[in-house]
Amino acid sequence: MTKDASFKKVVRRHAEETGQRYTEALTDIGGLGARMHHEPVAERLLAHLRDRYGIDPVAATKLSVHKTYVFRIDRNDGNPWVARAFPPARPRAGVEGDAAMLGFLARQDYPAERLAADDAVSDFDGSAVLVTRFVEGVQLPDGAAKFAMMGELLGRLHALPYDESVSRPGGASGEDPSREGTPRQDLLAALSFLDAVDTKVAAAERERFEQLRDQVRSADDGHGLPEGLLHGNLLHAPDHAVLSEQGPVAINWKASGRGPRLADFAYLIWGTGSWNPRRPNQEQIDAAVNAYRRHIEPTDDELDRLEAVMYIRTLYLACFGYRRALANGQTFHEWGFIEPPEYFSSTAAATRAAFRRQVSVRQRNDGGSSAARQMSRVRAPVEVPENIVERVRTLCLALPEVTVRVDGWAQSFDIRRRSFCLLVAREGPAGQPVPLLVLRADPDEREALLSIGRPFFATRAGRDRIGVLLTDDTDWEEIRELVTESYRVLAPKKLTALLD
(Lines give C-alpha, C1' and ligand atoms only; values in the text may rest on other atoms or scores of the structure.)
Protein backbone atom coordinates (compact mmCIF):
# COMPACT_ATOMS: atom_id res chain seq x y z
CA MET A 1 0.00 0.00 0.00
CA THR A 2 1.38 3.45 -0.91
CA LYS A 3 1.90 6.16 1.67
CA ASP A 4 -1.01 8.15 0.19
CA ALA A 5 -3.27 5.12 0.34
CA SER A 6 -2.26 4.48 3.94
CA PHE A 7 -3.09 8.06 4.89
CA LYS A 8 -6.47 7.89 3.18
CA LYS A 9 -7.23 4.76 5.15
CA VAL A 10 -6.31 6.60 8.36
CA VAL A 11 -8.62 9.50 7.41
CA ARG A 12 -11.53 7.16 6.65
CA ARG A 13 -11.10 5.44 10.00
CA HIS A 14 -10.86 8.79 11.76
CA ALA A 15 -14.08 9.93 10.09
CA GLU A 16 -15.87 6.79 11.24
CA GLU A 17 -14.65 7.05 14.84
CA THR A 18 -15.38 10.78 15.23
CA GLY A 19 -18.64 10.91 13.26
CA GLN A 20 -17.23 13.28 10.64
CA ARG A 21 -17.40 13.34 6.87
CA TYR A 22 -14.20 12.43 5.04
CA THR A 23 -13.36 16.06 4.20
CA GLU A 24 -13.99 17.12 7.81
CA ALA A 25 -11.76 14.34 9.09
CA LEU A 26 -9.04 15.32 6.62
CA THR A 27 -9.16 18.91 7.88
CA ASP A 28 -9.28 17.72 11.48
CA ILE A 29 -6.03 15.79 11.07
CA GLY A 30 -4.20 17.96 8.55
CA GLY A 31 -4.97 21.34 10.09
CA LEU A 32 -3.91 20.57 13.65
CA GLY A 33 -0.72 22.63 13.70
CA ALA A 34 -2.27 25.71 12.13
CA ARG A 35 -5.24 25.62 14.50
CA MET A 36 -3.18 25.23 17.65
CA HIS A 37 -0.20 27.54 17.12
CA HIS A 38 -0.50 31.32 17.06
CA GLU A 39 2.08 34.00 17.81
CA PRO A 40 0.80 37.54 17.29
CA VAL A 41 3.14 40.47 16.73
CA ALA A 42 3.50 42.27 20.06
CA GLU A 43 3.80 45.77 18.57
CA ARG A 44 0.62 45.35 16.56
CA LEU A 45 -1.22 44.04 19.62
CA LEU A 46 -0.15 47.13 21.61
CA ALA A 47 -1.41 49.40 18.84
CA HIS A 48 -4.72 47.55 18.78
CA LEU A 49 -5.22 47.91 22.54
CA ARG A 50 -4.29 51.60 22.36
CA ASP A 51 -6.87 52.23 19.63
CA ARG A 52 -9.57 49.98 21.08
CA TYR A 53 -9.46 50.99 24.74
CA GLY A 54 -7.69 54.36 24.74
CA ILE A 55 -5.00 53.16 27.13
CA ASP A 56 -1.27 53.90 27.00
CA PRO A 57 0.46 50.49 26.78
CA VAL A 58 4.25 50.45 26.67
CA ALA A 59 5.27 46.77 26.60
CA ALA A 60 3.85 43.35 25.75
CA THR A 61 5.69 40.47 27.45
CA LYS A 62 4.90 36.79 26.91
CA LEU A 63 3.65 35.20 30.11
CA SER A 64 3.88 31.51 29.19
CA VAL A 65 6.26 29.33 27.22
CA HIS A 66 3.29 27.09 26.31
CA LYS A 67 0.84 29.81 25.22
CA THR A 68 2.59 32.10 22.75
CA TYR A 69 -0.50 34.30 22.45
CA VAL A 70 -0.71 35.39 26.13
CA PHE A 71 0.91 38.73 27.02
CA ARG A 72 1.34 40.92 30.05
CA ILE A 73 0.56 44.48 28.96
CA ASP A 74 2.40 47.13 30.98
CA ARG A 75 0.90 50.62 30.88
CA ASN A 76 1.95 54.20 31.59
CA ASP A 77 -1.55 55.06 32.75
CA GLY A 78 -2.51 52.28 35.11
CA ASN A 79 -2.03 48.76 36.40
CA PRO A 80 -0.96 46.03 33.94
CA TRP A 81 -3.41 43.96 31.92
CA VAL A 82 -3.25 40.51 30.37
CA ALA A 83 -4.15 40.21 26.68
CA ARG A 84 -4.90 36.83 25.15
CA ALA A 85 -4.95 36.99 21.35
CA PHE A 86 -6.29 33.51 20.70
CA PRO A 87 -5.55 31.51 17.53
CA PRO A 88 -7.75 32.64 14.63
CA ALA A 89 -9.33 29.17 14.53
CA ARG A 90 -10.96 29.83 17.90
CA PRO A 91 -14.41 31.37 17.32
CA ARG A 92 -15.19 34.70 18.94
CA ALA A 93 -18.16 33.05 20.65
CA GLY A 94 -15.76 30.89 22.65
CA VAL A 95 -13.84 33.95 23.87
CA GLU A 96 -17.10 35.70 24.75
CA GLY A 97 -17.92 32.60 26.76
CA ASP A 98 -14.66 33.09 28.69
CA ALA A 99 -15.72 36.66 29.45
CA ALA A 100 -19.18 35.52 30.57
CA MET A 101 -17.55 32.99 32.90
CA LEU A 102 -15.28 35.62 34.45
CA GLY A 103 -18.23 37.97 34.90
CA PHE A 104 -20.18 35.23 36.67
CA LEU A 105 -17.23 34.37 38.94
CA ALA A 106 -16.87 38.05 39.88
CA ARG A 107 -20.54 38.17 40.89
CA GLN A 108 -19.97 35.06 43.02
CA ASP A 109 -16.85 36.63 44.61
CA TYR A 110 -14.86 33.60 43.47
CA PRO A 111 -11.05 34.05 43.49
CA ALA A 112 -10.42 34.36 39.75
CA GLU A 113 -8.89 37.02 37.54
CA ARG A 114 -11.21 39.90 36.64
CA LEU A 115 -12.14 41.44 33.30
CA ALA A 116 -10.19 44.59 32.46
CA ALA A 117 -13.09 46.31 30.70
CA ASP A 118 -16.86 45.94 30.29
CA ASP A 119 -16.35 45.11 26.60
CA ALA A 120 -13.40 42.83 27.23
CA VAL A 121 -13.49 40.98 23.87
CA SER A 122 -12.28 42.58 20.64
CA ASP A 123 -11.18 41.58 17.13
CA PHE A 124 -7.53 41.83 16.08
CA ASP A 125 -5.90 40.52 12.88
CA GLY A 126 -8.43 37.69 12.56
CA SER A 127 -8.19 36.76 16.26
CA ALA A 128 -10.48 37.40 19.19
CA VAL A 129 -8.70 39.11 22.09
CA LEU A 130 -9.67 38.93 25.78
CA VAL A 131 -8.30 41.48 28.25
CA THR A 132 -8.16 40.88 31.99
CA ARG A 133 -6.46 42.53 34.94
CA PHE A 134 -3.02 41.14 35.68
CA VAL A 135 -2.94 39.24 38.98
CA GLU A 136 0.14 40.11 41.02
CA GLY A 137 1.30 36.93 42.72
CA VAL A 138 3.90 34.22 43.14
CA GLN A 139 3.98 30.54 42.39
CA LEU A 140 2.00 28.28 44.70
CA PRO A 141 4.14 26.57 47.36
CA ASP A 142 5.33 23.05 46.66
CA GLY A 143 4.04 19.91 48.28
CA ALA A 144 0.85 19.36 50.24
CA ALA A 145 0.17 23.09 50.66
CA LYS A 146 -0.21 23.48 46.89
CA PHE A 147 -2.70 20.64 46.62
CA ALA A 148 -4.67 21.95 49.58
CA MET A 149 -4.98 25.31 47.80
CA MET A 150 -6.01 23.76 44.50
CA GLY A 151 -8.42 21.36 46.20
CA GLU A 152 -10.05 24.36 47.89
CA LEU A 153 -10.31 26.26 44.59
CA LEU A 154 -11.89 23.26 42.86
CA GLY A 155 -14.28 22.49 45.70
CA ARG A 156 -15.55 26.07 45.83
CA LEU A 157 -15.94 26.14 42.04
CA HIS A 158 -17.82 22.83 41.83
CA ALA A 159 -20.20 23.93 44.59
CA LEU A 160 -21.27 27.15 42.83
CA PRO A 161 -24.93 27.30 41.72
CA TYR A 162 -24.53 28.23 38.05
CA ASP A 163 -27.03 29.77 35.65
CA GLU A 164 -27.58 29.92 31.89
CA SER A 165 -24.86 32.55 31.44
CA VAL A 166 -22.23 29.87 32.12
CA SER A 167 -23.95 26.75 30.81
CA ARG A 168 -21.52 26.05 27.97
CA PRO A 169 -19.87 22.58 28.06
CA GLY A 170 -16.36 22.61 29.49
CA GLY A 171 -13.55 20.55 30.92
CA ALA A 172 -11.51 19.71 27.80
CA SER A 173 -8.06 21.22 27.39
CA GLY A 174 -9.11 22.94 24.18
CA GLU A 175 -5.61 23.43 22.78
CA ASP A 176 -7.20 22.51 19.47
CA PRO A 177 -9.97 25.15 19.13
CA SER A 178 -12.14 22.65 17.26
CA ARG A 179 -12.10 20.36 20.32
CA GLU A 180 -13.43 22.62 23.07
CA GLY A 181 -16.22 21.30 25.30
CA THR A 182 -16.65 18.38 27.69
CA PRO A 183 -13.79 15.98 28.53
CA ARG A 184 -15.00 13.75 25.70
CA GLN A 185 -13.39 16.28 23.34
CA ASP A 186 -9.98 15.58 24.89
CA LEU A 187 -10.32 11.95 23.83
CA LEU A 188 -11.39 12.90 20.30
CA ALA A 189 -8.47 15.33 20.12
CA ALA A 190 -6.15 12.54 21.28
CA LEU A 191 -7.33 10.37 18.37
CA SER A 192 -6.60 13.28 16.02
CA PHE A 193 -3.07 13.60 17.42
CA LEU A 194 -2.41 9.91 16.84
CA ASP A 195 -3.99 9.77 13.40
CA ALA A 196 -1.97 12.81 12.31
CA VAL A 197 1.26 10.82 12.70
CA ASP A 198 -0.04 7.29 12.03
CA THR A 199 1.96 6.89 8.82
CA LYS A 200 5.19 7.98 10.59
CA VAL A 201 5.09 5.27 13.28
CA ALA A 202 8.02 2.86 13.01
CA ALA A 203 7.24 -0.83 12.63
CA ALA A 204 8.87 -1.59 15.98
CA GLU A 205 6.51 0.87 17.71
CA ARG A 206 3.34 -0.12 15.86
CA GLU A 207 1.98 -2.53 18.48
CA ARG A 208 2.42 -0.07 21.32
CA PHE A 209 0.97 2.72 19.20
CA GLU A 210 -2.17 0.65 18.53
CA GLN A 211 -2.47 -0.18 22.23
CA LEU A 212 -2.43 3.53 22.99
CA ARG A 213 -5.12 4.15 20.38
CA ASP A 214 -7.30 1.37 21.83
CA GLN A 215 -6.86 2.84 25.29
CA VAL A 216 -8.12 6.21 24.04
CA ARG A 217 -11.09 4.61 22.28
CA SER A 218 -12.25 2.77 25.40
CA ALA A 219 -11.51 5.50 27.96
CA ASP A 220 -14.17 6.64 30.45
CA ASP A 221 -15.16 10.22 29.51
CA GLY A 222 -17.07 10.84 32.74
CA HIS A 223 -20.47 10.91 31.03
CA GLY A 224 -23.40 10.59 33.44
CA LEU A 225 -21.49 11.71 36.53
CA PRO A 226 -22.60 14.69 38.66
CA GLU A 227 -21.83 17.98 36.95
CA GLY A 228 -20.55 21.35 38.07
CA LEU A 229 -18.58 24.29 36.74
CA LEU A 230 -15.13 23.07 35.68
CA HIS A 231 -11.91 24.99 35.33
CA GLY A 232 -10.35 22.30 33.16
CA ASN A 233 -6.66 22.92 33.80
CA LEU A 234 -6.15 23.82 37.44
CA LEU A 235 -3.29 21.39 37.99
CA HIS A 236 -0.94 23.61 36.00
CA ALA A 237 0.66 26.20 38.26
CA PRO A 238 1.70 28.97 37.78
CA ASP A 239 0.04 28.97 34.33
CA HIS A 240 -3.43 28.45 35.85
CA ALA A 241 -3.15 29.40 39.51
CA VAL A 242 -1.05 31.93 41.43
CA LEU A 243 -0.77 32.96 45.05
CA SER A 244 -1.74 36.62 45.50
CA GLU A 245 -1.74 38.73 48.67
CA GLN A 246 -5.42 37.79 49.08
CA GLY A 247 -4.76 34.06 48.62
CA PRO A 248 -4.80 31.57 45.71
CA VAL A 249 -6.37 32.82 42.46
CA ALA A 250 -7.38 30.68 39.47
CA ILE A 251 -6.52 32.13 36.06
CA ASN A 252 -6.82 31.09 32.40
CA TRP A 253 -10.46 30.02 31.99
CA LYS A 254 -10.43 28.95 28.34
CA ALA A 255 -11.30 25.33 29.23
CA SER A 256 -14.05 26.25 31.69
CA GLY A 257 -17.70 25.30 31.50
CA ARG A 258 -20.18 22.74 32.71
CA GLY A 259 -19.12 19.09 32.85
CA PRO A 260 -18.49 16.08 35.08
CA ARG A 261 -16.78 17.55 38.14
CA LEU A 262 -14.78 14.35 38.63
CA ALA A 263 -12.74 15.18 35.51
CA ASP A 264 -11.31 18.26 37.26
CA PHE A 265 -10.70 16.46 40.53
CA ALA A 266 -9.26 13.31 38.93
CA TYR A 267 -6.67 15.35 37.02
CA LEU A 268 -5.66 17.09 40.25
CA ILE A 269 -5.34 13.74 42.04
CA TRP A 270 -3.22 12.32 39.23
CA GLY A 271 -0.92 15.31 39.67
CA THR A 272 -0.24 14.49 43.32
CA GLY A 273 2.36 12.02 42.02
CA SER A 274 4.21 14.73 40.02
CA TRP A 275 4.52 14.66 36.23
CA ASN A 276 6.15 11.25 36.00
CA PRO A 277 4.37 9.37 38.79
CA ARG A 278 5.36 6.01 40.20
CA ARG A 279 3.64 5.75 43.60
CA PRO A 280 0.89 7.58 45.51
CA ASN A 281 1.83 10.59 47.59
CA GLN A 282 -0.50 10.15 50.56
CA GLU A 283 0.28 13.52 52.12
CA GLN A 284 -0.64 15.40 48.96
CA ILE A 285 -3.71 13.23 48.35
CA ASP A 286 -4.94 13.91 51.89
CA ALA A 287 -4.37 17.64 51.44
CA ALA A 288 -6.41 17.74 48.21
CA VAL A 289 -9.19 15.52 49.62
CA ASN A 290 -9.54 17.42 52.90
CA ALA A 291 -9.78 20.78 51.13
CA TYR A 292 -12.11 19.60 48.37
CA ARG A 293 -14.60 17.87 50.65
CA ARG A 294 -15.24 21.06 52.62
CA HIS A 295 -17.47 21.89 49.65
CA ILE A 296 -18.16 18.64 47.75
CA GLU A 297 -18.81 15.08 48.90
CA PRO A 298 -18.19 12.74 45.94
CA THR A 299 -20.81 10.10 45.18
CA ASP A 300 -20.06 6.40 45.27
CA ASP A 301 -20.14 6.39 41.47
CA GLU A 302 -17.52 9.14 41.29
CA LEU A 303 -15.21 7.28 43.66
CA ASP A 304 -15.76 4.05 41.73
CA ARG A 305 -14.85 5.68 38.41
CA LEU A 306 -11.99 7.83 39.73
CA GLU A 307 -9.23 5.60 38.39
CA ALA A 308 -10.74 5.43 34.91
CA VAL A 309 -11.41 9.17 34.69
CA MET A 310 -7.82 9.93 35.73
CA TYR A 311 -6.84 8.71 32.26
CA ILE A 312 -8.79 11.35 30.29
CA ARG A 313 -6.28 14.19 30.46
CA THR A 314 -3.23 11.97 30.84
CA LEU A 315 -4.07 10.08 27.65
CA TYR A 316 -4.56 13.44 25.97
CA LEU A 317 -1.13 14.58 27.13
CA ALA A 318 0.51 11.35 26.01
CA CYS A 319 -1.03 11.58 22.54
CA PHE A 320 -0.20 15.29 22.30
CA GLY A 321 3.43 14.44 23.08
CA TYR A 322 3.41 11.53 20.61
CA ARG A 323 2.29 13.81 17.78
CA ARG A 324 4.80 16.51 18.65
CA ALA A 325 7.69 14.04 18.83
CA LEU A 326 6.98 12.24 15.56
CA ALA A 327 6.12 15.45 13.71
CA ASN A 328 9.57 16.79 14.66
CA GLY A 329 11.40 13.55 13.90
CA GLN A 330 12.09 12.90 17.59
CA THR A 331 11.68 9.91 19.90
CA PHE A 332 8.59 9.79 22.08
CA HIS A 333 9.55 9.97 25.77
CA GLU A 334 6.24 10.72 27.51
CA TRP A 335 4.88 7.27 28.30
CA GLY A 336 5.24 8.28 31.95
CA PHE A 337 1.96 10.19 31.67
CA ILE A 338 0.05 6.90 31.55
CA GLU A 339 2.47 4.46 33.15
CA PRO A 340 2.63 2.50 35.28
CA PRO A 341 -1.04 1.41 35.49
CA GLU A 342 -0.42 0.50 39.12
CA TYR A 343 0.00 4.18 39.92
CA PHE A 344 -3.54 4.92 38.77
CA SER A 345 -5.14 2.05 40.69
CA SER A 346 -3.16 2.62 43.89
CA THR A 347 -3.67 6.39 43.82
CA ALA A 348 -7.42 5.98 43.27
CA ALA A 349 -7.54 3.49 46.16
CA ALA A 350 -5.59 5.89 48.39
CA THR A 351 -8.01 8.69 47.50
CA ARG A 352 -11.07 6.58 48.25
CA ALA A 353 -9.50 5.61 51.57
CA ALA A 354 -8.88 9.27 52.38
CA PHE A 355 -12.53 10.16 51.81
CA ARG A 356 -13.72 7.20 53.87
CA ARG A 357 -11.30 8.04 56.65
CA GLN A 358 -12.86 11.47 56.95
CA VAL A 359 -16.36 9.96 57.00
CA SER A 360 -15.31 7.77 59.94
CA VAL A 361 -13.92 10.80 61.79
CA ARG A 362 -17.19 12.69 61.32
CA GLN A 363 -19.21 9.70 62.51
CA ARG A 364 -17.08 9.47 65.69
CA ASN A 365 -17.73 13.15 66.27
CA ASP A 366 -21.50 12.79 65.90
CA GLY A 367 -21.91 12.76 69.68
CA GLY A 368 -22.89 9.10 69.91
CA SER A 369 -26.26 9.39 68.20
CA SER A 370 -27.85 5.95 68.04
CA ALA A 371 -29.08 6.65 64.50
CA ALA A 372 -25.54 7.54 63.41
CA ARG A 373 -24.13 4.41 65.02
CA GLN A 374 -26.77 2.25 63.39
CA MET A 375 -26.10 3.80 59.97
CA SER A 376 -22.38 3.25 60.49
CA ARG A 377 -22.97 -0.44 61.25
CA VAL A 378 -25.20 -0.94 58.22
CA ARG A 379 -22.82 0.76 55.78
CA ALA A 380 -19.57 -0.66 57.08
CA PRO A 381 -17.88 -2.95 54.52
CA VAL A 382 -17.28 -6.53 55.59
CA GLU A 383 -15.53 -9.49 53.99
CA VAL A 384 -17.38 -11.24 51.18
CA PRO A 385 -17.81 -15.00 51.81
CA GLU A 386 -15.17 -16.97 49.92
CA ASN A 387 -17.67 -19.16 48.05
CA ILE A 388 -19.38 -16.03 46.66
CA VAL A 389 -16.03 -14.54 45.65
CA GLU A 390 -15.12 -17.69 43.73
CA ARG A 391 -18.46 -17.90 41.92
CA VAL A 392 -18.34 -14.26 40.83
CA ARG A 393 -14.66 -14.44 39.82
CA THR A 394 -15.39 -17.52 37.70
CA LEU A 395 -18.23 -15.73 35.88
CA CYS A 396 -16.30 -12.52 35.26
CA LEU A 397 -12.91 -13.98 34.32
CA ALA A 398 -14.58 -16.17 31.69
CA LEU A 399 -15.11 -12.95 29.69
CA PRO A 400 -12.35 -11.60 27.40
CA GLU A 401 -9.59 -9.34 28.80
CA VAL A 402 -11.13 -8.87 32.24
CA THR A 403 -8.89 -7.64 35.06
CA VAL A 404 -9.50 -7.66 38.80
CA ARG A 405 -8.96 -4.70 41.09
CA VAL A 406 -9.06 -5.22 44.86
CA ASP A 407 -9.80 -2.29 47.16
CA GLY A 408 -10.01 -3.49 50.75
CA TRP A 409 -12.69 -6.20 50.73
CA ALA A 410 -14.32 -4.90 47.56
CA GLN A 411 -13.45 -6.54 44.23
CA SER A 412 -13.98 -4.75 40.96
CA PHE A 413 -13.97 -6.66 37.68
CA ASP A 414 -12.88 -4.28 34.93
CA ILE A 415 -12.70 -4.08 31.20
CA ARG A 416 -10.18 -1.48 30.01
CA ARG A 417 -9.94 -0.11 33.58
CA ARG A 418 -13.70 0.48 33.90
CA SER A 419 -15.78 -1.53 36.33
CA PHE A 420 -18.61 -3.64 34.95
CA CYS A 421 -19.05 -5.72 38.10
CA LEU A 422 -18.37 -4.63 41.67
CA LEU A 423 -18.60 -7.25 44.43
CA VAL A 424 -18.94 -6.01 48.01
CA ALA A 425 -20.69 -6.99 51.22
CA ARG A 426 -22.41 -5.03 53.95
CA GLU A 427 -23.15 -6.06 57.51
CA GLY A 428 -26.74 -7.24 57.92
CA PRO A 429 -29.02 -6.60 60.90
CA ALA A 430 -27.83 -9.77 62.64
CA GLY A 431 -24.17 -9.04 61.93
CA GLN A 432 -23.95 -11.46 58.99
CA PRO A 433 -22.31 -10.43 55.67
CA VAL A 434 -24.80 -9.50 52.94
CA PRO A 435 -22.99 -9.77 49.57
CA LEU A 436 -24.17 -7.73 46.61
CA LEU A 437 -23.18 -6.87 43.06
CA VAL A 438 -23.26 -3.49 41.32
CA LEU A 439 -23.66 -4.03 37.57
CA ARG A 440 -24.14 -1.91 34.44
CA ALA A 441 -27.51 -2.02 32.71
CA ASP A 442 -29.14 -0.14 29.85
CA PRO A 443 -32.06 2.12 30.92
CA ASP A 444 -34.90 -0.17 29.80
CA GLU A 445 -33.42 -3.26 31.42
CA ARG A 446 -32.70 -1.33 34.61
CA GLU A 447 -36.27 -0.13 34.90
CA ALA A 448 -37.61 -3.63 34.27
CA LEU A 449 -35.37 -5.09 36.99
CA LEU A 450 -36.24 -2.38 39.49
CA SER A 451 -39.95 -3.04 38.92
CA ILE A 452 -39.36 -6.60 40.13
CA GLY A 453 -38.01 -5.43 43.47
CA ARG A 454 -35.87 -7.69 45.66
CA PRO A 455 -33.18 -8.83 44.91
CA PHE A 456 -32.77 -5.81 42.60
CA PHE A 457 -32.36 -2.28 43.93
CA ALA A 458 -31.25 1.18 42.82
CA THR A 459 -27.74 2.17 43.91
CA ARG A 460 -26.06 5.49 44.52
CA ALA A 461 -23.48 4.52 41.91
CA GLY A 462 -25.47 6.06 39.08
CA ARG A 463 -28.47 5.75 36.78
CA ASP A 464 -26.72 3.20 34.57
CA ARG A 465 -26.18 0.77 37.49
CA ILE A 466 -28.30 -1.86 39.17
CA GLY A 467 -27.68 -3.49 42.53
CA VAL A 468 -28.30 -7.22 43.07
CA LEU A 469 -28.45 -8.89 46.49
CA LEU A 470 -26.86 -12.34 46.58
CA THR A 471 -28.72 -14.81 48.80
CA ASP A 472 -29.11 -18.54 49.26
CA ASP A 473 -31.88 -18.40 46.63
CA THR A 474 -29.82 -16.59 43.98
CA ASP A 475 -30.29 -17.87 40.43
CA TRP A 476 -26.65 -18.01 39.30
CA GLU A 477 -27.56 -18.55 35.67
CA GLU A 478 -29.44 -15.26 35.78
CA ILE A 479 -26.42 -13.62 37.44
CA ARG A 480 -24.21 -14.93 34.63
CA GLU A 481 -26.52 -13.30 32.07
CA LEU A 482 -26.61 -10.01 33.97
CA VAL A 483 -22.82 -9.96 34.34
CA THR A 484 -22.38 -10.65 30.62
CA GLU A 485 -24.81 -7.87 29.66
CA SER A 486 -23.01 -5.49 32.01
CA TYR A 487 -19.74 -6.41 30.28
CA ARG A 488 -21.30 -5.68 26.88
CA VAL A 489 -22.16 -2.12 28.01
CA LEU A 490 -18.46 -1.24 28.36
CA ALA A 491 -16.46 -3.63 26.20
CA PRO A 492 -15.39 -2.62 22.68
CA LYS A 493 -17.16 -4.29 19.78
CA LYS A 494 -14.22 -6.51 18.90
CA LEU A 495 -14.45 -8.12 22.34
CA THR A 496 -18.23 -8.40 22.51
CA ALA A 497 -18.10 -10.11 19.11
CA LEU A 498 -16.21 -12.94 20.80
CA LEU A 499 -19.25 -13.64 22.98
CA ASP A 500 -21.61 -14.29 20.04
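1. Let me start with a charge over a ring: Arg208 lies over the face of Trp335, 3.9 Å from the ring centre. To count, NZ of Lys or CZ of Arg has to be within 6 Å of the ring centre and within 35 degrees of the ring normal. Arg52 does likewise with Tyr53, lying over the face of that ring at 5.1 Å from its centre.

2. A word on what you're looking at. This is a predicted model, where local features need pLDDT of at least 70 and side-chain atom pairs count only at pLDDT 80 or more, while totals for chains, interfaces and linings use all residues. Residues are numbered from 1 along each chain as its sequence is written, and side-chain values use heavy atoms, with hydrogens and water left out.

3. Back to Trp335, which forms one aromatic cluster with Phe209, Tyr322 and Phe332. A search of the whole structure turns up 17 aromatic pairs. The rule for Phe, Tyr and Trp (its six-membered ring) is that ring centres lie within 6.5 Å; planes under 30 degrees apart are stacked, over 60 edge-to-face, and the rest tilted.

4. Take Phe193 and Phe320 from those pairs: their ring centres are 5.5 Å apart and the planes sit at 80°, so this pair is edge-to-face. Phe193 is in helix α7 (residues 184-196) and Phe320 in helix α12, so the pair ties together parts 127 residues apart in sequence. Helices here are DSSP runs (H or I, at least four residues), as are strands (E, at least two), numbered from the N terminus. Phe193 is buried at 0% relative accessible area, whereas Phe320 is partly exposed at 24%. The cut-offs: buried is under 20% relative accessible area, exposed is over 50%, and partly exposed is in between (1.4 Å probe, protein chains only).

5. Tyr322 and Phe332 make a stacked pair, because their ring centres are 4.5 Å apart and their planes are at 20°. Tyr322 belongs to helix α12 and Phe332 to the loop between α12 and α13 (341-364), ten residues apart. Tyr322 counts as buried at 2% relative accessibility, and Phe332 counts as buried at 9%.

6. Now the holes. There are three cavities of 30 Å³ or more, and the largest cavity holds about 90 Å³ of space. A cavity is a set of points on a 1 Å grid over the protein atoms alone where a 1.4 Å probe fits but cannot get out, and lining residues have an atom within 4 Å of a point. Grid points are joined across faces, edges and corners, and the volume is the space filled by probe spheres set on them.

7. What lines the largest cavity? Gly171, Asp186, Tyr267 and Arg313 are among the residues that do. α9 (261-270) and α12 (311-327) each supply at least two lining residues, with the largest share, four residues, coming from α9. By class the lining has seven nonpolar, two polar and three charged residues. Ala, Val, Leu, Ile, Met, Phe, Trp, Tyr, Cys and Pro count as nonpolar, Asp, Glu, Lys and Arg as charged, and the others, Gly among them, as polar.

8. Gln185, in helix α7, is buried at 18% relative accessible area. Beyond its neighbours within four places in sequence, Gln185 is in contact (heavy atoms within 4.5 Å) with Ala172, Ser178, Arg179 and Glu180. Val404, in strand β10 (residues 402-407), is partly exposed at 32%.

Key:
1 Å grid on protein atoms, 1.4 Å probe; cavity = no way out; pocket = protein on both sides within 12 Å on 5 of 7 lines; lining within 4 Å.
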